[in-house]
Amino acid sequence: MTDTPKETVIRVRGVRNQFGSHVVHDDLDLDVYRGEVLGVVGGSGTGKSVLLRTIAGLQIPKAGEIDVLGTNVRTASEDDRQALERRWGVMFQDGALFSSLNVRENVEVPMRAVKGLDPDLRRQMADLKIALSGLPFNAGDKFPSELSGGMRKRAGLARALALDPEILFLDEPTAGLDPIGASEFDILIRQLSQTMGLTVFLVTHDLDTLHATCDRIAVLAEKKVLVTGTMREMLDVEHPWVHEYFHGPRARAASDAIPAKKDR
Ligand SMILES: Nc1ncnc2c1ncn2[C@@H]1O[C@H](COP(=O)(O)OP(=O)(O)OP(=O)(O)O)[C@@H](O)[C@H]1O
């Protein structure tokens with residue numbers, strides 16, 4: 001990122017999420033800046049996916065405010081919400097594809113909400129997104145059941161990119177991929193964020209992904225975003241979980257495998 005003033009594109013204040021008596025988030029704050037790749041980490045069950053779902057409007061918080069691209073997600077009118085949803089894309093862990101549609105048709109689903117879009121143009125745009133996501137040229141005709149897990153993820157990514165979003169939400173994009181596939185995916189996300197100017201909100205457990213793609217990291221613990229900062233800054237955080245995560249053997253292996261980026 002450059003030194004130009006940061007524009008906050010996601011602003012979360014005082015969010016509380018609760019299921020029955022189980023409080024997942026309490027008074028949680030977070031800012032995400034335009035053009036950055038933010039990695040969200042935390043122990044299992046700390047509410048990373050719930051936070052993603054809350055920001056993307058798929059989960060209603062018990063309290064708090066969420067502004068995305070200047071729109072309050074909770075209080076927006078139906079029209080404003082639909083307009084906002086066209087400005088972000090979400091990729092879920094397994095791609096969340098419609099099994100009865102081929103890949104091209106899956107990618108075309110969000111485009112169908114855009115009135116007046118010529119079917120031929122829609123098809124061409126879908127093929128472009130399929131290629132951008134690193135799938136082979138004939139993948140558009142395949143059904144999800146004919147794809148490997150890694151290809152399904154790429155198809156899910158192509159669908160998330162369908163409407164040229166400003167923000168991309170990724171829930172554990174490299175989970176279940178072999179190390180080579182995971183590292184290819186990391187590079188792809190980095191390239192997409194740079195070439196398309198995307199802001200990326202990325203939930204992950206994968207330390208390699210943090211090193212390879214993320215500008216900043218947000219750690220969820222104690223029902224909040226405990227700390228945010230660069231990879232380098234994470235190394236100085238005293239909190240026990242954060243220390244163990246960023247100094248443990250896996251962290252050392254990831255750090256040795258990928259040269260640290262300047263001031264990350
Ligand atoms: N719809 C739901 N109903 C009840 N509890 C839920 C629901 N969704 C999430 N939870 C609970 O909220 C907590 C946080 O879940 P979440 O999936 O966000 O965790 P996570 O940090 O993403 O975990 P992991 O790293 O294991 O994927 C968990 O205890 C989970 O059981």
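You are looking at a predicted model, where local features need pLDDT of at least 70, side-chain atom pairs count only at pLDDT 80 or more, and totals for chains, interfaces and linings use all residues. Residues are numbered from 1 along each chain as its sequence is written, and side-chain values use heavy atoms, without hydrogens or water.

Now widen the selection to 63-68, strand S4, which pairs with S5 in the antiparallel sense over two bridges. (Strands here are DSSP E runs of at least two residues, and helices are H or I runs of at least four, numbered from the N terminus; two strands pair if DSSP finds at least two bridges between them.)

Next, show the whole open sheet: four strands in the order S2-S1-S4-S5, with antiparallel pairing. S2 (22-33) and S5 (71-72) stand at the edges with a single partner strand each, so one side of each has no neighbour in the sheet.

Then bring up the ligand. Among the 13 residues around the ligand, Ser-44, Gly-47, Lys-48, Val-50 and His-205 come nearest; a residue is near if one of its heavy atoms lies within 4 Å.
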